[in-house]
Amino acid sequence: MATIYGLFFGAHGQSTTLIVDGEIKYAIEDERITRVKAGNSWWQAPIHSLKAIEDRTGITLENVDIISISDPTMLYLVQYHNKPVTDPNDEMNLFRERLLKLKDKIVWAEHHESHAYSTYYLSGFTGKTLVLTSDGGSYEKEYGTIWLGENGKMNKVYNIPLLEQGSIANLWFYACFQYGWRGTKDEGKIMGMAGHGEYNEYLYNAFKSCLRYKGNLEFDCPENGMMIEFVYARLAEEGWFEGLKNRQDFAYNLQKYTEDIFMEYLKDVHSRYPDYNNIALAGGVFANVKLNQVINESGLYDHIFVCPAMGDDGISLGSAIKASIDVGDWKGVKKLENVFLGLDYTQEEIDNHASILEVESQDLSYEDVGQLIHEGNIIALFNGRFELGPRALGARSVMVRPTDAKTHEILNTRLERHEIMPFAPFIMSEFANIVFDIQGSQHAAEFMTMCYTVREEWVDKIPAVIHRVDNTGRPQIVYKHNNPVFWNILNEYYKISGIPVMLNTSFNGHGEPIINAPDQAFDHLMRGTIDYLVAGDKIYKKK
């Protein structure tokens with residue numbers, strides 16, 4: 001039985017995972033601790049997430065059995081340093097030297113290998129499962145991989161080599177900068193805008209000039225980033241990133257081309273491996289919930305699962321799972337129950353912070369929270385351990401009734417956001433397939449990784465959580481057994497309103513990672529971002 005740390009050192013999304021005797025104990029992305037979003041923090045080591053877990057558990061790198069590292073770029077740099085570190089503030093180099101002293105404990109996991117392990121071994125699929133990864137490139141110079149999984153065993157059968165082919169992810173990464181945003185952080189804004197645009201053959205063909213699917217599982221245009229930058233610069237000169245209509249049309253055609261070219265590829269994959277009826281996905285491309293919907297509705301697969309930390313924040317998780325499997329601790333494929341793998345805080349810690357503020361409190365009553373939401377209040381939930389991945393799933397969420405179309409504007413104003421993405425619904429499990437057309441992916445829907453079409457009779461009842469262009473939503477299905485606080489609040493609102501759905505958005509302000517600690521939660525209450533804060537077993541409001 002082994003104690004294992006997984007560490008991800010890649011370009012962005014650095015994270016740490018702790019697995020003990022085959023059980024995930026913690027998985028934390030650095031941005032939750034540093035308060036700097038991953039897209040604004042490049043080429044760092046997972047120093048802060050590791051320290052947070054070490055402090056909570058007392059389990060240090062020095063007393064674990066295995067350190068599983070993926071993307072060791074930052075670690076390799078110290079091999080050419082050749083000088084002892086004397087500056088006590090040189091955090092990065094001190095961390096490198098610490099790891100080099102522990103080199104006998106280190107094992108290596110490849111980037112896309114870690115993506116594959118993070119999704120297949122948490123999917124719950126025991127039958128034949130196709131495992132697909134796709135992103136903007138890895139240390140090992142791969143854009144994606146294909147694995148075949150069955151009965152807890154997984155075998156790599158194909159890869160997309162960076163030096164010979166191109167990447168869908170790069171189409172999105174470089175587009176962010178033309179919009180004035182940041183790659184690896186703001187691709188979702190473009191996807192949210194896409195539904196408002198129209199087809200334009202000129203734009204569609206511009207994307208085709210950057211990347212084409214040739215058949216036989218091959219994409220052309222090796223290392224297509226330079227080509228994309230050239231084409232996008234030309235489009236910028238022509239004004240395609242100026243004015244709302246042009247920006248929307250660019251987004252629409254980028255989304256459409258992404259869906260079209262990926263489905264060409266996936267149909268060929270399916271024809272090559274027709275007996276594999278389940279599919280598990282990981283990698284930044286699958287942060288695109290509209291693409292995931294197209295895959296789900298294609299009929300190619302009976303069941304679909306997307307790793308909740310589908311981006312590079314999930315790499316440390318996959319690398320730790322691989323190490324646990326290799327030593328025989330992790331047995332077979334598990335069904336992921338939840339992603340509440342971050343830090344939590346005691347009621348005493350919450351109350352101690354509240355005591356220095358002008359706030360008043362009452363004991364938590366789910367009925368009272370349901371009534372407050374029904375009355376139109378904006379309520380934040382600070383509940384237990386925070387989530388791994390980009391979605392707020394009830395540990396650090398903002399809850400609002402779904403019945404007002406104007407809620408989008410009000411919430412963005414209060415949260416000081418300038419977002420384009422529609423807000424997401426969370427829904428009681430008992431009503432999921434009554435409100436949404438859920439097909440073959442109910443487990444994936446627990447983690448808000450996919451869009452579904454809202455059934456017609458519900459469209460006008462919950463306008464705040466629907467993309468009105470196509471009547472879709474990105475729901476989180478909530479079960480009482482593994483998310484009881486969220487479910488109970490939702491149930492009380494349902495009793496009052498007859499609607500088993502509420503709006504859920506992440507508890508953070510503009511440009512801020514989802515919150516971690518009590519002081520950050522109370523800061524939003526004191527600033528008036530929210531009307532009430534449910535933290536631990538109390539409801540707080542500003543005096």
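Me: What percentage of the 543 residues in the chain is buried, and how is the open sheet of five strands built?

Reply: This is a predicted model, in which local features need pLDDT of at least 70 and side-chain atom pairs count only at pLDDT 80 or more, while totals for chains, interfaces and linings use all residues. Residues are numbered from 1 along each chain as its sequence is written, and side-chain values use heavy atoms, with hydrogens and water left out.

Buried residues make up 60% of the 543 residues in the chain, where buried means under 20% relative accessible area with a 1.4 Å probe, only protein chains being considered. The chain holds 18 helices and 22 strands, which are DSSP runs numbered from the N terminus, helices being H or I of at least four residues and strands E of at least two. The C-alpha trace spans about 60 × 60 × 50 Å along its principal axes. Of the contacts between residues at least 6 apart in sequence, 73% join residues at least 24 apart, a contact being heavy atoms within 4.5 Å.

Turning to the sheet, its five strands run in the order β8-β7-β6-β11-β12, and the sheet is open with mixed pairing; two strands pair if DSSP finds at least two bridges between them. Because β8 (153-161) and β12 (303-306) each have a single partner strand, they stand at the edges, and one side of each is left without a neighbour in the sheet. On average, neighbouring strands of this sheet are turned by 20° against each other, direction ignored. Strand β7 (residues 142-150) pairs with β8 in the antiparallel sense over eight bridges, and Gly149 has Met154 in β8 as its bridge partner.

Two helices pack on this sheet. Helix α10 (residues 244-272) touches β6 (129-134), β7, β8 and β11 (278-282), and its direction makes about 145° with that of β6. Helix α11 (residues 289-297) touches β11 and β12, with its direction at about 160° to that of β12. Axes here are lines fitted to C-alpha atoms, for helices over the stretch in contact, and angles run from 0 to 180 degrees between N-to-C directions.

Helix α6 (residues 168-178) and helix α7 (residues 187-194) pack at an angle of about 90°, with their axes 9 Å apart. The two helices are therefore roughly perpendicular to each other, a term that covers angles of 65 to 115 degrees. Their contact is made by Trp172, Phe173, Ala175 and Cys176 of α6 and by Glu187, Ile190 and Met191 of α7.

Key. Buried means under 20% relative accessible area, exposed over 50%, partly exposed in between (1.4 Å probe, protein chains only). Angles under 35 degrees count as roughly parallel, over 145 as roughly antiparallel, 65 to 115 as roughly perpendicular and the rest as oblique.
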